[in-house]
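Thanks for coming. I will go through one structure today, part by part, and give each term its cut-off when it comes up.

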Amino acid sequence: NDPSSDDSNQSQDQIEQLEQAPSEDSAPSVENTMTDIQRQLQHFNPSNAPVIPNQTERRGEPGIVQVHLIVDLTSESGVVDPSSKFLLEAVERSTYLQSVGLTFIRELPPIRTVEMHPRDPQLPFLFLIDWGSMNRDCHRLQLVMETVQQQYVESDTNRDSHGVATNTTTGARPQQRHEPYVLLVDFTGSIRRTECDYLFQEFATEKNKVRLAKRSIVQDRFYEHSTKRIHPGELIPNQWHEPSFASGPILHSPLVLRETIVTIINNITQGKSIQSMERPIDVGYFWTSGDYSHFSFYRRDIAKVVKTLHHSKIDDTSVMENQVRLAYSDKKGMGEGNVQEEYFSELLTCKIVVITQHDEFEDHYRLMESLASGALVMTDPMIAMPAGLVDKVNVVVYNSPSDLKKLIKYYLQPENEKERKRIAEEGFKLVMGRHRCWHRLEELVFGRPLTNVDKPFLPAPPKEERPKSLFLVAVEEIVGQFV
């Protein structure tokens, strides 16, 4: 039997992980603690407060929303932020979003904008801003938005409502446009909620027109090395701007499975079912060996657990014959989200992949990548687990290093092979069917994923066609390899 499957013990363990230990007099009940956390998380749920509510047409499906994406390519490392890439891909692959413009910030000035489709005044319009790539710099954002807005004003003087040049003699003007929505998406580990008065003065003419979505919504998480215990922290206040009604609630936006990863996995498997792959490595744990930063102490302790299990006993009669491999890579750029094919080749050889959150904040790319590998994924607890992930259903949660040892041995026992493979397959289906780039953006905008939902074996929807004569030349000139 599963050593951690007792319901009462599991509930108590979860509570111990989800709260700071209070005095006995003030300790809340198990039921109240869990209810409070779940209630608070609902305020961050996009399904309860999407960016564009009630955007439906026939058969209950949304109409098209036009999107202008703004990304900052001036990072100190010189590496394009992965979030900028998958935001563009999300817009281009969603059936319900159409890209009308793409603004690249290289220096101030100039600001370069590429027009992709004419703006239709009859359709809702969204400014989508990669807020993390801009380091949450409100002054910088104001300069960019003023420039982009002026470009649209100038464009309006020369186009009719269908994007056709107007009669300059009569001075015909386009129809009245929808007031734009603004969505700032921050995929960094920062919990900062920088207020930008300019946005609310310029765009918040209606309630909830300006919104913020964040990957990191948990604060005060830390690892207590002496007790080997993670203090999971608490949720940040769900309020961005005063008065709160102007901005609407902050939305939770976990990291996604990037399409580059799916392409690499497909190239490795060559059409073979990922569930039928040979997996000679029992347990894999992947991180850079030089990671000695202040938020990686727990990772190093978990790495020691994985290494000590090499050739260890599973039970009194069997021994773990296959190697438990701690696979590291120090190649430049891995910590910045860049893709390494060697890493994914190793992932696909593992029966179990163990991952660990940062000591100080939750969520990282390896959660989705490991689920997509078809292995059973074990993770430490998260307050804000990505939607649909459930312990013992499509992922396994370990509460301590000693708990991890028990769970690894349990799931490697031959009599538990079917259970291990079932959980691994359910994790694969969830990430492929609900956590790809277009799913995440649709969830934020419309309140639910819409394109190829729960269809894990379908290929990615094709990208929308770009106006080659203008777009490709301009992009080559500006950023080259960005897209």
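**Strands, a disulfide and some rings**

I start with strand β14 (residues 350-355): six of its six residues are buried, so the strand is largely enclosed by the rest of the structure. Buried means under 20% relative accessible area, exposed means over 50%, and partly exposed is in between, with a 1.4 Å probe and protein chains only. Helices (H or I, at least four residues) and strands (E, at least two) are DSSP runs, numbered from the N terminus.

Before going on, some ground rules. This is a predicted model, where local features need pLDDT of at least 70 and side-chain atom pairs count only at pLDDT 80 or more, while totals for chains, interfaces and linings use all residues. Residues are numbered from 1 along each chain as its sequence is written, and side-chain values use heavy atoms, with hydrogens and water left out.

Back to β14. Which strands does β14 pair with? Strand β12 (residues 281-286) runs parallel to β14 and is joined to it by four bridges; two strands pair if DSSP finds at least two bridges between them. Tyr285 has Val354 in β14 as its bridge partner. Four bridges also join β14 to strand β15 (residues 376-379), again in parallel. There, Ile352 stands opposite Leu376 of β15.

Next, the open sheet. Seven strands form it in the order β3-β2-β1-β4-β5-β6-β11, with mixed pairing. The edge strands, β3 (111-115) and β11 (251-252), each pair on one side only. Inside that order, β4 (residues 125-130) and β5 (residues 181-186) are parallel, over five bridges. Phe127 has Val182 in β5 as its bridge partner. Helix α12 (residues 437-446) packs on the sheet and touches β1 (65-72), β2 (97-105), β4, β5, β6 (210-214) and β11. Contact means heavy atoms within 4.5 Å. The direction of α12 makes about 135 degrees with that of β5; axes are lines fitted to C-alpha atoms, for helices over the stretch in contact, and angles run from 0 to 180 degrees between N-to-C directions.

Now the disulfide, meaning a pair of cysteine sulfur atoms within 2.5 Å. The count is one. Cys138 is joined to Cys196, S to S 1.9 Å. The link of Cys138 and Cys196 is left-handed, with -75 degrees about the S-S bond. Cys138 lies in helix α4 (residues 138-156) and Cys196 in the loop between β5 and α5 (197-202), so the pair ties together parts that are 58 residues apart in sequence.

Last, the rings. Rings of Phe, Tyr and Trp (its six-membered ring) pair if their centres lie within 6.5 Å; planes under 30 degrees apart are stacked, over 60 edge-to-face, and the rest tilted. That gives eleven aromatic pairs. In one of them, the ring centres of Tyr223 and Tyr298 are 4.6 Å apart with planes at 40 degrees, so the pair is tilted. Tyr223 lies in strand β8 (residues 222-224) and Tyr298 in helix α7 (residues 297-308), so parts 75 residues apart in sequence are tied together. Tyr223 and Tyr298 are both buried. Tyr410 and Tyr411 pair edge-to-face, at 4.7 Å centre to centre and 85 degrees between the planes.

That is where I stop.
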